[in-house]
Amino acid sequence: MAEEKNPRVLMETSMGNVTIELYKDKAPITVRNFLSYVKEGFYDGLVFHRVIRDFMIQGGGMDASMQPKKTKFAIKNEAANGLSNTRGTVAMARTAVVDSATSQFFINVVDNPSLDYRGKKPELFGYAVFGKVVEGMETVDAIRQVKTGSRMGHSDVPVEPVVINTIRIIE
């Protein structure tokens with residue numbers, strides 16, 4: 001039997017396209033959750049609301065006016081799956097609570113080993129990598145260079161919104 005290929009999604013942003021391969025073998029819960037949001041069109045029109053040039057770009061939870069979009073239930077953190085937060089990988093954002101990820105994700109723009117799973121304690125648990133940019137890293141690099149400021153109590157917000165027009169599954 002042929003090995004089932006990992007699903008891929010195309011994220012169309014206001015600054016260009018990014019293709020992401022999802023590691024459903026290593027992060028099945030996370031990938032299922034992410035794809036459920038994709039299939040509903042949840043991400044359409046949301047923005048990258050947190051951009052830190054030498055760290056990561058984060059999106060998937062707020063619109064251009066910094067209003068959070070209502071999400072589904074939080075999922076189990078699969079950070080202990082052996083994957084590392086290296087440049088180009090996609091991981092789930094969360095609060096200080098280990099199993100609090102919902103719809104927000106981030107793309108690592110540099111290697112961030114400090115975000116990897118290092119132990120069961122909450123402060124060591126890390127962030128679950130569930131995919132990797134396979135095309136369009138130049139778009140990610142363009143996004144990381146945008147001018148940022150503070151908005152609605154959030155810092156590192158792009159001055160000009162970087163919009164996720166849509167994310168869709170590609171065959």
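Predicted model: local features only at pLDDT ≥ 70, side-chain atom pairs only at ≥ 80, totals over all residues.

Me: What makes β1 and β10 a pair?

Reply: Two strands pair if there are at least two bridges between them. Strand β1 (residues 8-13) and strand β10 (residues 163-170) have six bridges, in the antiparallel sense, so they count as a pair. One spot to look at is threonine 13, which stands opposite isoleucine 164 in β10.

Me: And which order do the strands of the barrel follow?

Reply: The closed barrel has eight strands, in the order β1-β2-β7-β5-β6-β4-β3-β10, with antiparallel pairing. On average, neighbouring strands are turned by 35 degrees against each other, ignoring direction.

Me: How do you know that β6 pairs with both β4 and β5?

Reply: Count the bridges again: four join β4 to β6, and three join β5 to β6. The cut-off is at least two, so both qualify as pairs. Both pairings run antiparallel. Isoleucine 107 in β6 is the bridge partner of isoleucine 57, and valine 90 stands opposite isoleucine 107 too.

Me: Why are Phe105, Phe106, Ile107 and Asn108 called buried?

Reply: Buried means under 20% relative accessible area. Phe105 and Ile107 point one way from β6, Phe106 and Asn108 point the other way, and all are buried, so each of them comes in under that 20% cut-off.

Key:
Residues numbered from 1 in each chain as written. Heavy atoms only, no water. Helix = DSSP H or I, 4+ residues; strand = E, 2+ residues; numbered from the N terminus. Axes fitted to C-alpha atoms, helices over the stretch in contact; angles between N-to-C directions. Buried < 20%, exposed > 50% of the residue type's maximum accessible area, 1.4 Å probe, protein only.
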